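Biologist: Hi! I'm new to this one. Could you walk me through it?

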Amino acid sequence: MRLEALALALPEFADHPNRVDFEGVLTMVDEPSNRPPSGARGHRVIFARMAAMAALPSLIGMAVDFSPEWDGHDARRKCGIITEAELEGKRLVVSGYLFGKDFPEVRQQMLRTAPGTMGMSYEISDAHVADMSAEIWTLTRATFTGAAILLREKAAYRNTSFELKNQSCRGAPLHARARTTRTATGLQREKAREKRWN
């Protein structure tokens, strides 16, 4: 069930060489992580649903990054942008663009790895924990600052994912084709008028 969704509308541009559509599951809400996330001082965590919903606006426009070994975070290797985020049940689903021309190695990694190999991990700041003495921390507030693409086995949540969307299904070309059709129709009308005028 879709609970909350936000999106950043970028101008469409058909077959943009530096926009490669992606989709992924960034994290799960209301369930413990499988392993401690980076910065959690060895604690597994639960991202409370209400905290995740409140933090969604901070996620839009943030970057995705990667490390050379695909095993962690490197906030200075920003290779794409998150433009949409929504909660689907317990899954926080994100989508956006990789900068495919600037980072061909990232695109190649996604194309050559088996489906289900890659995952994601969030980057947050201003995190509030309900009880610091608890074995499993519950995040009650946070601000998203980015996300890492990494091997799913290295992610705090094993149910995360990251994959490129079908390149032939980019949204922009569909609209572009529609505009082209309208333009062609307009040109045909003009040519028809030219014929009549001649």
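**A first look around**

Modeller: Let's start in a loop: D15 is found between β1 (2-7) and β2 (20-28). Strands here are DSSP runs of E with at least two residues, numbered from the N terminus. This is a predicted model, where local features need pLDDT of at least 70, side-chain atom pairs count only at pLDDT 80 or more, and totals for chains, interfaces and linings use all residues. Residues are numbered from 1 along each chain as its sequence is written, and side-chain values use heavy atoms, with hydrogens and water left out.

Biologist: Thanks! What is phi of D15 near?

Modeller: Phi of D15 is near 55°, a positive value in a residue other than glycine.

Biologist: And is D15 buried or exposed?

Modeller: D15 has 55% relative accessibility, so it counts as exposed. The cut-offs are under 20% relative accessible area for buried, over 50% for exposed, and partly exposed in between, with a 1.4 Å probe and protein chains only.

Biologist: What about R41, where is that found?

Modeller: R41 is in the loop between β2 and β3. Its phi is also a positive value, near 55°, and R41 is exposed, with a relative accessible area of 69%.

Biologist: New topic: how many aromatic pairs are there?

Modeller: The count comes to six. Rings of Phe, Tyr and Trp (its six-membered ring) pair if their centres lie within 6.5 Å; planes under 30 degrees apart are stacked, over 60 edge-to-face, and the rest tilted. One of the pairs is F47 with Y122: the centres are 5.4 Å apart and the planes at 85°, so this pair is edge-to-face.

Biologist: Which strands hold F47 and Y122?

Modeller: F47 is in strand β3 (residues 44-47) and Y122 in strand β7 (residues 118-129), so the pair links distant parts of the chain, 75 residues apart. F47 is buried, at a relative accessible area of 0%, and Y122 counts as buried at 10%.

Biologist: What does Y122 form with F144?

Modeller: Y122 and F144 form an edge-to-face aromatic pair, 6.2 Å centre to centre with 75° between the planes. F47, Y122 and F144 form one aromatic cluster.

Biologist: Now the core. Which residues touch the most other members of the largest nonpolar core?

Modeller: Out of 45 residues, those are L59, V64, V94, L98, M110, I149 and F162. Strand β8 (residues 136-151) gives the most to this core, with seven residues. Such a core is a set of buried Ala, Val, Leu, Ile, Met, Phe, Trp, Tyr and Cys residues joined through side-chain atoms within 4.5 Å.

Terms used: Helix = DSSP H or I, 4+ residues; strand = E, 2+ residues; numbered from the N terminus.
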